[in-house]
Amino acid sequence: MTSPAIVYTRTGDSSVLELKEREVTEPAAGEVRVRIVVSGVNPTDWKNRTGSGPGEKLAFDEVVPNQDGAGLIDAVGPDVDGVSVGDRVWVYLAQHQRPTGTAQSFAILPASRVVPLPDGVGFDVGASLGVPAMTAHRALTVSEDGPTRLHPGALDGKSVLVAGGAGAVGHAAIQLARWAGATVVTTVSGPEKGALATAAGAHHVVNYKTGDAAAEIRELVPAGIDLIVEVAPAQNAALNAAVGANRASIAVYANNGGDTVTLDVRPNMVLNTRYQFVLLYTVGDEALRNAEADVSAAAAAGVLEVGEATGLPLHRYSLSDTAAAHDAVENGTVGKVLIDVSSDQ
């Protein structure tokens, strides 16, 4: 049996992506086969595809892109417990160190990267968890004075600043921080994005392009911000030093605005500031397991909804239009880009 898949055999722009029929194989020990219903696209997907330049040799002869997705277990290999054929699941890091991303009808995955999708949670939400929500979870649990797990009450009394609250990770960070009890402030570049951050649950929205963002944040949270979820460390270093509370943690998950950060030593030293860099691929198994459990619990509680009404507009593409979906993410489309792979019926 064959099924459609998007593949690439060399690095490059989205034109290297091809639609082809591939043999549907059986899962080996410790693996499951998932019929992908929805594939989620993240910046890491197009960055993996482009590499450091066009024409690079890949680790595998052929790669299917995309780390995140949701669907149904179609087959279970030996030595797999906890999931069964027919189970609804969300998957993450599908293509990490493997050629089996989610831009295909059937994906063979390690059972460790497949998580039961809670009852009542749709495939769109499931495909939107993975990289964004798990990265946000890690960013919210790195503080020296904070929790390692998230649940209602875990961040009671804490203040969180989410830089770029209209992005996918920022959106999930707002939702998770609000669920865990924090006072949530976010910075945005305009009123449209501000409306999305408010819909996601932010208590306070600050437009950093108008007025004095540091003064406004200090007025909103006089004691200072305990935890900062940072997407643009180079641009925001001075702001973070100005608004951080004593022993503040800055969790950096992206490098928007520059690859090099310059820090003023004295203000950060006075505050005992901690910078924690976050990359989901290398956070370690314990952090991944914690994020799996807490993200699933939040989704079950209705916390991680997607769509414009909850602050993350959806942009849908067919599997054959995966190149356009990658381009949309690369070009900074506001919202979540999803690929409809197969029917959920």
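Reader: Leaving aside its neighbours within four places in sequence, which residues is Val160 in contact with?
Author: This is a predicted model, where local features need pLDDT of at least 70, side-chain atom pairs count only at pLDDT 80 or more, and totals for chains, interfaces and linings use all residues. Numbering starts from 1 along each chain as its sequence is written, and side-chain values use heavy atoms, with hydrogens and water left out. With contact taken as heavy atoms within 4.5 Å, the list for Val160 is Leu140, Leu155, Ala177, Ala182, Thr183, Val184, Val185, Ile225, Leu227 and Val229.

Reader: Which residues of the largest nonpolar core touch the most other members?
Author: A nonpolar core is a set of buried Ala, Val, Leu, Ile, Met, Phe, Trp, Tyr and Cys residues joined through side-chain atoms within 4.5 Å. The largest one has 62 residues, and those touching the most other members are Val160 and Leu304.

Reader: Which element supplies the largest share of this core?
Author: Helices (H or I, at least four residues) and strands (E, at least two) are DSSP runs, numbered from the N terminus. The largest share of the core is seven residues, and its source is helix 4.

Reader: Why does Val206 count as buried?
Author: Val206 is found in strand 10. Buried means under 20% relative accessible area, exposed over 50%, partly exposed in between (1.4 Å probe, protein chains only). Val206 counts as buried because its relative accessibility is 0%.

Reader: How far apart are the C-alpha atoms of Val206 and Thr186?
Author: Leaving aside neighbours within four places in sequence, the contacts of Val206 include Thr186. Along the chain, Val206 and Thr186 are 20 residues apart, while their C-alpha atoms are separated by 6.2 Å.

Reader: Which residue's backbone nitrogen does the side chain of Asn207 reach?
Author: Asn207 is also found in a strand, strand 10 (residues 204-207), and is buried at a relative accessible area of 18%. Not counting residues up to four places away in sequence, Asn207 touches Val188, Ser189, Gly190 and Pro191. At 2.9 Å, the side chain of Asn207 reaches the backbone nitrogen of Lys209.

Reader: Which element gives the largest share of the lining of the largest pocket?
Author: On a 1 Å grid over the protein atoms alone, a pocket is an open set of points with protein on both sides within 12 Å along at least five of seven lines, a cavity is a set where a 1.4 Å probe fits but cannot get out, and lining residues have an atom within 4 Å of a point. Of the 45 lining residues here, the closest to the centre are Pro43, Val231, Tyr253, Ala254 and Asn256. The largest share is four residues, from helix 1.

Reader: What is the volume of the largest cavity?
Author: The structure holds one cavity of 30 Å³ or more. Of the 13 residues that line the largest cavity, the closest to its centre are Ser128, His171, Ala172, Leu304 and Val306. Helix 4 gives the largest share of that lining, four residues. The volume of the largest cavity is about 80 Å³.

Technical notes. A polar contact is a pair of N or O atoms within 3.5 Å; within protein, one must be able to donate a hydrogen and the other to accept it, and residues adjacent in sequence count only if both atoms are side-chain atoms. Grid points are joined across faces, edges and corners, and a volume is the space filled by probe spheres set on the points.
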